[in-house]
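Let's take a tour of this fold, one piece at a time. Have the sequence and the 3D view ready as you read.

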Amino acid sequence: MQLITNRLILREYAKNDKHNLYALFTEKFAFTYEAHLPKKISDMDVYLNFHLENAQTTNRTHYYYVIELQETHEFIGSIGYAFANEININGIDGWVMELEYYLLEKYWGMGYMPEALRKILSTAFEKNNILKIFAQCHKDNPKSEMVMIKCGMIKSTNQPEPKKYNGVVKENVRYEITADCFIPPHQ
Ligand SMILES: CC(C)(COP(=O)(O)OP(=O)(O)OC[C@H]1O[C@@H](n2cnc3c(N)ncnc32)[C@H](O)[C@@H]1OP(=O)(O)O)[C@@H](O)C(=O)NCCC(=O)NCCS
């Protein structure tokens, strides 16, 4: 599936995205904040195959997209969400999804990610069973917090416990939004 915004195309991952995603996941920010992303070209096949296979299953749990500029089809980043847990809100059963988003550093500060995220939220909430979406970023990553705030997400009352990675304590902040609070963009 392909999603269109004013300036962007969001299209589902394809096999030939390996090198673009590898370039994204080995940007400086990824070593600082995103240790879980694959950092070796040899690990990219496992990552990509997982997403490509998951997209073909009837009980799909992961929805991941490459972000391209509409004008040039240039690759600029990725955004996606995945099943986290089940929830019941006001007697309705549904899913909570975890979101993540990454942009090549040379494209930061141009409003691309809020534009992509608004489209992703509206597409996700069109699926009846998705009731809540959350994302976590490092507490010293105000740019990422700003993206979530711009898209109407609010700081969760249920914040994650700090975790140790390679001996360093990592503190994250969590933002979330429910389907009934989301206001779709005008586009
Ligand atoms: C976070 C990220 C996606 C932002 O995307 P973007 O398209 O550059 O977002 P924007 O263009 O809206 O810029 C970010 C906003 O943060 C603001 N900002 C920047 N530095 C800031 C600071 N120190 N304090 C507060 N706000 C700040 C910018 O001013 C901008 O808001 P504005 O447009 O109102 O001025 C991008 O920086 C990125 O890929 N970071 C690394 C990956 C990441 O952290 N992902 C989140 C984890 S899931």
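## Strands side by side

Tyr 63 sits across from Tyr 81 of strand 4. Before going on, a word on the source: this is a predicted model, where local features need pLDDT of at least 70, side-chain atom pairs count only at pLDDT 80 or more, and totals for chains, interfaces and linings use all residues. Residues are numbered from 1 along each chain as its sequence is written. Helices (H or I, at least four residues) and strands (E, at least two) are DSSP runs, numbered from the N terminus.

Strand 3 (residues 62-69) and strand 4 (residues 75-89) are antiparallel partners, with seven bridges between them. Two strands count as paired if DSSP finds at least two bridges between them. In their hairpin, five residues lie between the strands, and His 73 has a positive phi near 65 degrees.

Strand 4 is also joined to strand 5, again antiparallel, by twelve bridges. Here Ala 82 has Glu 98 as its bridge partner in strand 5, and Ser 78 faces Tyr 102 of strand 5. This hairpin has two residues between the strands, and Asn 90 takes a positive phi near 50 degrees.

Now zoom out. The eight strands form an open sheet in the order 1-2-3-4-5-6-10-7, and the pairing is mixed. At the edges are strand 1 (2-4) and strand 7 (154-155), each of which pairs on one side only.

What holds strands of a sheet together? Strands pair through backbone hydrogen bonds, either parallel or antiparallel.

## Around the ligand

There are 21 residues around the ligand, and Leu 103, Trp 108, Met 113, Pro 142 and Met 146 come nearest; a residue belongs here if its C-beta atom, placed from the backbone, lies within 6 Å. Helix 5 gives the largest share of this shell, five residues.
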